[in-house]
Amino acid sequence: MTREAQIRRISTTDFRKKKSAQEKIVFVTAYDFPTALLVDESGVDAILVGDSLGMVVLGYETTIPVTIEDMINHTRAVSRGVKRAFVAADMPFLTYQSGTSDALKNAGRLMQEAGAMAVKLEGGIEICPQVQALVTAGIPVIGHLGLTPQSIHVFGGYKMQGRDDASARKIVADAMALESAGAFLVVLECIPAELAAEITSQLTIPTIGIGAGPHCDGQILVLYDLLGITGNVQPSFVKQYAQIGQEIRAAVKEYASEVREGKFPAVSRSASSDDSVLSYSSPKKA
Ligand code: KIV
């Protein structure tokens, strides 16, 4: 049996089982083939190709300029790298808010052309008709409540949501509505930990938190934040598990000075006229 045949793909049903067994669900974002491969090999349950890619890898200030073509290209690259983890993709701004027919067309493209196994939509009661239509068509849906970055200009900045009674009650009602509409997971972003705990206990579907405290059924972080790749100021809820940005800078600096000093490439690394085929082997240290 090949290795591929032995690997069991995580599916939508695994998440509810994990909630029942009180096993935490691990999500992380990825946006390209090599990081998807590494993240998948590290054993996470699920990868989200988030529209955060607009800010993290495309250099936009918000997620608003991200297009369906951006999402399709990046999701395709991620799907090629993943054998085990569940892969979900974000639906970008205005590809679903405009109605069920746009939602179906664009979610369908993310699944058919890019290999997404589910799509994530931001919003509550107002997008439930779209959620219902997608689920009826066989497209698994993840909801996203709290600080929903596509509405950043409505919120007036990246601010914690659900702090007062009325907005907390609205988020609870939205979460219940998404569950009734057929969503199989809900992401809760930047809301108070007690509110996330209440929603987590009221829903039968799992909650995935980011900046929403420890009581959610699972957690998600932006890969580049947890790896310390971006030099940007990060929200206080982010924990950096590595400082890869510093390592990249140091490695490229060393390469640049070796080129300038004539140390790289050494003769041993140069092809001779006898070599008809270049060999691509594991990298050597020196
Ligand atoms: O776009 C994204 O990466 C997200 C997660 C941070 C939840 O929506």
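Tutor: What follows begins with the pocket and then turns to the parts around it. This is a predicted model, in which local features need pLDDT of at least 70 and side-chain atom pairs count only at pLDDT 80 or more, while totals for chains, interfaces and linings use all residues. Residues are numbered from 1 along each chain as its sequence is written, and side-chain values use heavy atoms, with hydrogens and water left out.

The largest pocket has a volume of about 710 Å³, and of the 34 residues that line this pocket, the closest to its centre are Ser52, Met55, Glu189, Val222 and Asp225. Here a pocket is an open set of points on a 1 Å grid over the protein atoms alone, with protein on both sides within 12 Å along at least five of seven lines, whereas a cavity is a set of points where a 1.4 Å probe fits but cannot get out; lining residues have an atom within 4 Å of a point. Grid points are joined across faces, edges and corners, and a volume is the space filled by probe spheres set on the points.

At least two lining residues of the largest pocket come from each of α4 (53-56), β4 (118-122), β6 (185-189), β8 (218-221) and α11 (223-227), where helices (H or I, at least four residues) and strands (E, at least two) are DSSP runs numbered from the N terminus. By class, the lining of the largest pocket holds 19 nonpolar, eight polar and seven charged residues; Ala, Val, Leu, Ile, Met, Phe, Trp, Tyr, Cys and Pro count as nonpolar, Asp, Glu, Lys and Arg as charged, and the others, Gly among them, as polar.

There is also one cavity of 30 Å³ or more, and the largest cavity holds about 30 Å³ of space. Phe27, Leu48, Lys120, Ile142, Leu185, Val187, Ile208 and Ile220 line the largest cavity, a lining of seven nonpolar, no polar and one charged residues.

Strand β7 (residues 207-210) includes threonine 207, which counts as buried because its relative accessibility is 0%; buried means under 20% relative accessible area, exposed over 50%, and partly exposed in between (1.4 Å probe, protein chains only). Leaving aside neighbours within four places in sequence, threonine 207 is in contact with Val186, Leu188, Ile199, Thr200, Cys216, Asp217 and Gly218, contact meaning heavy atoms within 4.5 Å. With the side chain of threonine 200, the side chain of threonine 207 makes a polar contact at 2.7 Å; such a contact is a pair of N or O atoms within 3.5 Å, and within protein one must be able to donate a hydrogen and the other to accept it, while residues adjacent in sequence count only if both atoms are side-chain atoms.

In the loop between β6 and α10 (193-202) is cysteine 190, which has a positive phi of about 50° although it is not a glycine, and which counts as buried because its relative accessible area is 11%. Glycine 213 is placed in the loop between β7 and β8 and counts as partly exposed because its relative accessibility is 27%. Not counting residues up to four places away in sequence, glycine 213 touches Ala193 and Gln219.
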